[in-house]
Amino acid sequence: MLDAALRALAEIFSKPMRAILWRSIGLALILIAVGAVVLQRLLNWLANTGEAWAEQMAGASFHGFLETLSWIVSIAAGFGVLFGAVFLMPAVTSLVASVFVDDVADHVERKDYPAELPGRALPVVRALIEGSKTSALTVLVYLAALPFLFFAGIGFVVFFLATAWLLGREYFELAAMRFRSPEEAKAMRKHHATQIFIAGLFIAAFVSIPIVNLATPLFGMAFMVHIHKRLSGPRPELLEPERRASVPTM
């Protein structure tokens with residue numbers, strides 16, 4: 001598994017992957033920026049609305065105090081948006097991965113497994129649905145785990161393990177669905193749940209590194225292509241015809 005992680009790291013910076021890397025980073029930054037602007041506008045609107053309501057209830061004499069309080073809340077909201085954008089990076093990368101899944105997987109399969117037939121490209125709608133589902137599930141799991149942040153150390157452990165489960169689950173299924181039906185990919189993921197969770201720990205560690213985590217879609221997808229190949233074992237039906245003939249049958 002460590003060898004697969006190192007090979008995936010090497011793939012990120014290879015010349016054929018650089019164009020995909022820059023497009024992936026660009027899309028991630030756009031999504032983060034749009035999300036941050038929308039959230040900032042929402043929080044500012046809530047602060048202003050709350051100030052107007054409180055002033056109406058308390059009277060005009062509290063205008064100065066409430067205006068200062070609203071200003072403090074707006075600044076705090078700005079820091080909250082910045083923290084939230086970094087904190088929800090796994091959700092962003094899940095959506096980005098669904099866009100570039102075939103570009104990354106096709107490159108890795110052809111380069112490292114030239115004797116095997118490459119997988120089938122996932123339909124764009126299917127890939128986006130899977131990425132959106134994981135992104136939404138990530139947000140829900142993070143919201144459920146948020147109270148644990150009030151316990152020293154426990155919150156970060158919970159978030160790390162949740163990230164490992166979520167991203168390991170998504171990237172493996174995306175890699176597997178290039179060769180299997182969605183139902184077969186999910187069944188395989190459940191059958192190898194322990195190995196895939198451990199592999200997810202590598203992706204969770206990668207996505208926790210600021211700036212570097214913008215390349216998570218490439219690392220996660222390349223890594224899980226290797227993991228899927230190793231868990232699948234030899235599959236003669238995927239070999240090129242001339243290689244298939246040399247594989248003994250039982």
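This is a predicted model: local features need pLDDT of at least 70, side-chain atom pairs count only at pLDDT 80 or more; totals for chains, interfaces and linings use all residues.

What pattern does the protein chain follow, read along the sequence? The pattern is α-α-α-α-α-α-α-α-α-α.

Two figures on the chain as a whole. The protein chain has 250 residues, and 42% of them count as buried. Taking contacts between residues at least 6 apart in sequence, 79% join residues at least 24 apart.

Now the helix pairs. Two packed helices are described by the angle between their axes and the distance between the axes, so I will give both each time.

I start with helix 4, residues 89-112, and helix 6. Their axes cross at roughly 5 degrees and come within 11 Å. Angles under 35 degrees count as roughly parallel, and helix 4 and helix 6 are therefore roughly parallel to each other. On the helix 4 side, the contact is made by Pro 90, Thr 93, Ser 94, Ala 97 and Val 101. Helix 6 brings Thr 163, Leu 167, Glu 170, Tyr 171 and Leu 174. Sorted by class, that contact has six nonpolar, three polar and one charged residues.

The second pair is helix 6, residues 154-176, with helix 9, residues 216-232. Here the packing angle is about 65 degrees, and the axes are 8 Å apart. The crossing of helix 6 past helix 9 is right-handed. From helix 6, the residues in contact are Gly 168, Tyr 171, Phe 172, Leu 174, Ala 175 and Ala 176. Those from helix 9 include Gly 220, Met 221, Met 224 and Leu 231. This contact has 11 nonpolar, four polar and no charged residues.

In soluble globular proteins, nonpolar side chains tend to be buried together. In this model, the largest nonpolar core has 46 residues. Val 104, Phe 219, Met 221, Phe 223 and Met 224 are the ones with the most contacts inside it. At least two residues of this core come from each of helix 1, helix 2, helix 4, helix 6, helix 7, helix 8 and helix 9. Which helix supplies the largest share? That is helix 4, with nine residues.

Leaving aside residues up to four places away in sequence, Val 104 touches Met 17, Ile 20, Leu 218, Met 221 and Ala 222.

That is all I have.

Methods. Residues are numbered from 1 along each chain as its sequence is written. Side-chain values use heavy atoms; hydrogens and water are left out. Axes are lines fitted to C-alpha atoms, for helices over the stretch in contact, and angles run from 0 to 180 degrees between N-to-C directions. Helices (H or I, at least four residues) and strands (E, at least two) are DSSP runs, numbered from the N terminus. A crossing is left-handed if the near helix is turned anticlockwise from the far one by less than a right angle, and right-handed if clockwise. Contact means heavy atoms within 4.5 Å. Ala, Val, Leu, Ile, Met, Phe, Trp, Tyr, Cys and Pro count as nonpolar, Asp, Glu, Lys and Arg as charged, and the others, Gly among them, as polar. Angles under 35 degrees count as roughly parallel, over 145 as roughly antiparallel, 65 to 115 as roughly perpendicular and the rest as oblique. A nonpolar core is a set of buried Ala, Val, Leu, Ile, Met, Phe, Trp, Tyr and Cys residues joined through side-chain atoms within 4.5 Å. Buried means under 20% relative accessible area, exposed over 50%, partly exposed in between (1.4 Å probe, protein chains only).
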